[in-house]
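Student: I'm new to this structure and a bit lost. Could you pick one part, take a close look at it with me, and then show me what surrounds it?

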Amino acid sequence: MRSDPNARAPLGLKLAAAAGLLFMHVPILLIFVYAFTTEEKSYQWPPPGFTLRWLEVTWNRVDVWQALWLSVQVATVATLLAMLLGTLCAAAVSRTRFFGRETISLLVILPIALPGIITGIALRSAFSLADIPFSFWTIVLGHATFCIVVVYNNAVARFRRTAGNLIEASMDLGADGFQTLRHVIMPNIGTALLAGGMLAFALSFDEVIVTTFTAGQQQTLPIWMLEELVRPRERPVTNVVAMVVVLVTFLPILGAYYLTRGGDSPAAAEK
Amino acid sequence: MTSAVRFKNVCRHFGAIRAVDGLNLEIAPGEFFALLGPSGSGKTTSLRLIAGFERPTAGHIEIFGERADAIPPYRRNVNTVFQDYALFPHLSVLENVAYGLKMKGVAKKQRLARAEELLELVQLPGYGDRSPAKLSGGQRQRVALARALVNEPKVLLLDEPLGALDLKLREQMQEELKSLQKRLAITFVFVTHDQGEALSMADRIAVFNEGKIMQVGTPEEIYRAPRSRFVADFVGSSNVLPPDLVERLTGTRAWASLRPEAVRLVSRGGHSATLVSSSFLGAQRRAVFDFDGFQITALLAADAKLPEPGKTARLAWGESDLHLMEDEPVDGPEGAA
Amino acid sequence: MSSAAAAILPPRGGPSGAASDAFWRHPKFLLLLLLTPPLLWLGIIYLGSLFALLAQSFFAIDHYTGMIDYTPTLRTYRELLTTPANLDIIVRTVLMAACVTLFSALIAFPIAYYAARYARGKWKALFYLGVMLPLWSSYLVKIYAWKLILAKEGIFNWVLAKLHLYWLLDAYLSLPVIGGNSLSVSYTGTFLVFVYVWLPYMILPLQASLERLPNNLLEASADLGAAPRQTFWSVIFPLALPGAIAGSIFTFSLTLGDYIIPQIVGSSRLFIGQAVYMQQGTAGNIPLAAAFTVVPMVIMGFYLWMAKRMGAFDAL
């Protein structure tokens with residue numbers, strides 16, 4: 001086996017890896033082509049022609065804007081909640097050893113480890129049992145729950161890297177708990193929190209399975225997309241929206257990548 | 001005169017682990033004091049108790065006569081140089097040093113000027129703009145020192161301060177720390193597992209084992225008159241002679257220690273012993289003898305006339321060199337270190 | 001230089017000074033304060049709902065009135081496990097999850113291996129983003145992309161037509177079970193989309209475990225005269241297995257619970273996720289829906305237990 005890291009990879013391995021990467025990326029690239037096709041009724045390939053018309057049509061669609069706006073609002077509020085809860089949890093788990101740390105980690109991961117449909121239906125039946133009508137807040141409730149883990153993972157990794165004795169050094173030099181929080185803890189975990197927040201935003205912005213159970217009649221952008229997938233109405237508009245969604249989610253992912261480069265596991269293996 | 005630091009029956013237990021167990025100790029103002037012991041002996045926990053990172057489970061601690069057990073670290077006028085320096089990675093060297101003054105609310109201009117003075121004190125003038133990550137180990141050590149001194153502490157704590165440095169740098173820093181301490185007249189308390197470091201730097205030493213202090217004294221006292229087998233073993237490389245042998249030599253049944261450099265080679269009189277092995281150390285020669293079934297190590301002059309291994313030689317030492325210890329005179333496992 | 005200063009400084013004024021002192025004296029109190037909000041949130045909202053759902057599976061629906069009868073019973077479970085259609089759904093889903101997992105591992109391995117052992121510097125970052133971006137791109141858009149690809153007039157058929165391989169597809173589609181009228185309404189289509197969507201979840205842990213593989217181990221193996229094939233099976237494979245199992249936790253669990261992919265690309269035969277969705281929605285049979293969700297929970301519980309025994313959690 002080629003064990004020297006500078007050795008060249010076998011051709012077969014190279015080809016297989018390249019093919020795998022192509023398999024992952026070509027479908028997404030297709031979305032960009034279809035957004036500009038002149039064909040309206042079918043998914044014809046190759047596109048008979050290209051146009052920018054659908055960008056304008058989509059721009060003027062009120063329902064798309066409403067769905068987008070709702071998604072942004074939900075993702076913003078859910079992200080803020082998840083950042084608060086995830087950071088508190090990470091701080092508690094990494095500051096002290098106490099009985100039940102493992103259990104808490106498991107509890108945080110559970111909402112994302114169990115299939116989304118379970119979280120969704122559990123929340124829906126709980127809402128109906130408690131007579132809570134669907135609202136903006138029922139969506140946020142669900143999203144914040146499974147976003148906690150993303151913030152938590154990022155924060156825990158950074159807390160682990162930020163040696164505990166930095167906090168002791170700060171207190172030793174005369175900073176009380178709040179000064180230490182402001183001058184040492186926040187500057188050191190800030191970027192990790194921001195990265196976690198960006199990922200949480202992307203996760204919430206894209207979520208559909210839990211949302212179908214907690215949204216009622218409201219339409220987030222993914223719910224709007226789902227409707228179009230199940231009962232296509234205007235395909236070109238869907239194409240454009242799909243492209244925009246890809247672009248919008250790429251930005252926070254790239255941002256999070258650059259914030260956590262060099263060290264802690266960026267972007268958490270579990271989405 | 002009030003002690004700089006005083007432990008009164010202090011215990012720090014972590015569950016079943018007795019990290020510090022019934023500690024009584026007084027450190028005088030202006031002293032350079034070493035806490036010496038193997039890892040897990042409680043020396044670091046004792047340092048952390050003074051700093052306020054740990055609270056005693058029983059007993060109490062006084063700093064310059066004031067009860068400190070319920071005082072958080074930031075209200076103790078005590079500062080620490082951490083083992084891995086714990087420099088703030090997000091701050092420049094100058095900001096690191098000025099941190100303590102910033103927390104006190106000293107205006108920016110004053111605190112940066114003062115930090116610059118401290119950097120000069122530790123011989124790093126002009127390094128203020130750098131990031132701690134860009135410094136060498138020795139430079140980080142100096143920054144940590146400057147940062148801890150900026151608040152003019154009454155007691156400076158040093159946790160294995162030279163542990164991470166290479167040998168040459170370590171020797172140089174030992175000298176610098178000593179002269180710095182003389183100049184500032186601050187009480188220094190430092191933790192080390194290196195007996196050579198403790199002997200060469202400290203005014204007084206406390207030897208720790210299993211959460212307890214085995215002996216407190218000046219380096220000379222500790223070295224020449226170890227009170228127990230543990231101290232004799234840990235400080236230096238003493239021959240520890242068992243009660244049976246000591247009884248035959250002196251008539252008193254007790255454990256005794258005999259420093260290798262106190263053993264002399266004589267042509268007449270003394271005690272007959274068989275040479276087992278010898279090794280050349282440069283300035284000296286170390287020889288191991290079999291004496292009545294016990295091994296005795298001797299540090300001799302490099303040109304000492306030794307017989308062939310297996311042949312006998314005559315060994316002698318001064319009466320006062322055989323130091324009787326306080327351990328219970330029950331025979332332990334044979335042989336000496 | 002400091003003889004005049006006090007050894008102990010006076011308490012800081014104000015509530016923040018007092019609070020800070022109190023936190024230092026009672027670290028458990030601080031811990032409690034940190035933990036309470038997240039634990040309350042997850043405990044009440046998440047676990048509470050989950051237990052409420054579980055509890056419902058022990059009720060049954062009255063088939064005449066359509067109302068839920070709130071007396072504890074195992075009738076719903078009996079219905080779940082004795083109705084052949086329901087068992088079909090469970091078996092179909094588990095088989096699909098197993099196939100998807102196996103195939104994901106096969107495709108993931110070369111990518112993970114190359115990224116872990118050969119890619120350096122810029123290429124390494126590129127590989128990393130190359131996996132992260134598909135992982136995080138929109139789930140629905142990824143499904144939609146496959147709808148475009150597999151459509152009758154879409155790119156897949158176009159390529160086949162250009163290569164004059166249309167007969168091959170026809171032959172494939174005429175096969176029982178995996179075939180169908182077209183790829184987009186066959187199990188094969190569903191399978192492809194599942195593999196596509198969950199693949200990055202397999203690559204990341206696999207890559208992590210391969211990165212931990214020490215170079216000298218491979219050298220030692222080659223040194224002892226092992227052929228590359230032997231080295232693979234006796235050294236690389238056993239050490240990469242925990243990573244693959246860690247990845248399979250995701251591919252397996254996600255496939256078990258998904259209801260959107262088979263709904264959009266696939267035959268009309270149901271998977272567990274769809275069954276749950278239908279039972280709680282149109283059928284209004286919450287107890288049966290709840291009992292259905294217990295199936296993936298039990299399977300995943302068993303799976304996690306096995307994975308833990310094989311040391312897969314260290315690879316997460």
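This is a predicted model: local features need pLDDT of at least 70, side-chain atom pairs count only at pLDDT 80 or more; totals for chains, interfaces and linings use all residues.

Tutor: The partners are Arg75(B) and Asp21(C), whose closest N and O atoms sit 2.6 Å apart. On the chain B side, the residues that touch chain C sort into 12 nonpolar, 2 polar and 9 charged. Polar contacts turn up here as well: 9 residue pairs across the interface of chain B and chain C, with both residues at pLDDT 80 or more.

How much surface goes into this meeting? About 1800 Å² is buried between chain B and chain C, and carbon and sulfur atoms give 54% of that. Arg75(B) shows up again here: together with Tyr74(B) and Lys154(B), Arg75(B) supplies 38% of the area that chain B buries against chain C, more than any other three residues. As for who takes part, the contact draws on 23 residues of chain B and 16 residues of chain C.

Now let's step back to chain B itself. Chain B has 9 helices and 18 strands, and its C-alpha atoms fill a box of roughly 75 × 45 × 35 Å along the principal axes. Of its 337 residues, 50% count as buried. If you take the contacts in chain B with a separation of 6 or more, 64% come from residues 24 or more positions apart.

Why does Thr45(B) count as buried? Its relative accessibility is 14%, and the cut-off for buried is under 20%, so Thr45(B) falls on the buried side. Leaving aside neighbours within four places in sequence, Thr45(B) is in contact with Arg12(B), Phe14(B), Ala19(B) and Val20(B).

Chain C has another partner, chain A, so let's go around to that side. Here the contact takes 88 residues from chain C and 93 residues from chain A. The buried area between chain C and chain A is about 8600 Å², and carbon and sulfur atoms give 78% of it. The rule finds 1 salt bridge across this interface, in which the side chains of Asp176(A) and Arg12(C) meet at 3.9 Å, N to O. There are also 13 residue pairs in polar contact across the interface of chain C and chain A, both residues being at pLDDT 80 or more. Helix 2 of chain C (residues 27-56) gives the largest share of the chain C side that touches chain A, namely 16 residues. By class, that side of chain C divides into 64 nonpolar, 17 polar and 7 charged residues.

One last stop in chain C is helix 7 (residues 155-162), where Ile155(C), Asn157(C) and Leu160(C) are buried. What covers the buried residues of this helix? The cover includes helix 1 (11-34) of chain A, along with helix 6 (139-150) and helix 8 (166-173) of chain C. Follow the chain just past helix 7 and you come to His164(C), which takes a positive phi of about 55°.

Note on methods. Residues are numbered from 1 along each chain as its sequence is written. Chains are lettered from A and ligands numbered from 1 in the order in which they are written. Side-chain values use heavy atoms; hydrogens and water are left out. Contact means heavy atoms within 4.5 Å. Buried area is the accessible area (1.4 Å probe) that two parts lose on being put together, summed over both. A salt bridge is a side-chain nitrogen of Lys or Arg within 4 Å of a carboxyl oxygen of Asp or Glu. A polar contact is a pair of N or O atoms within 3.5 Å; within protein, one must be able to donate a hydrogen and the other to accept it, and residues adjacent in sequence count only if both atoms are side-chain atoms. Helices (H or I, at least four residues) and strands (E, at least two) are DSSP runs, numbered from the N terminus. Ala, Val, Leu, Ile, Met, Phe, Trp, Tyr, Cys and Pro count as nonpolar, Asp, Glu, Lys and Arg as charged, and the others, Gly among them, as polar. Buried means under 20% relative accessible area, exposed over 50%, partly exposed in between (1.4 Å probe, protein chains only).
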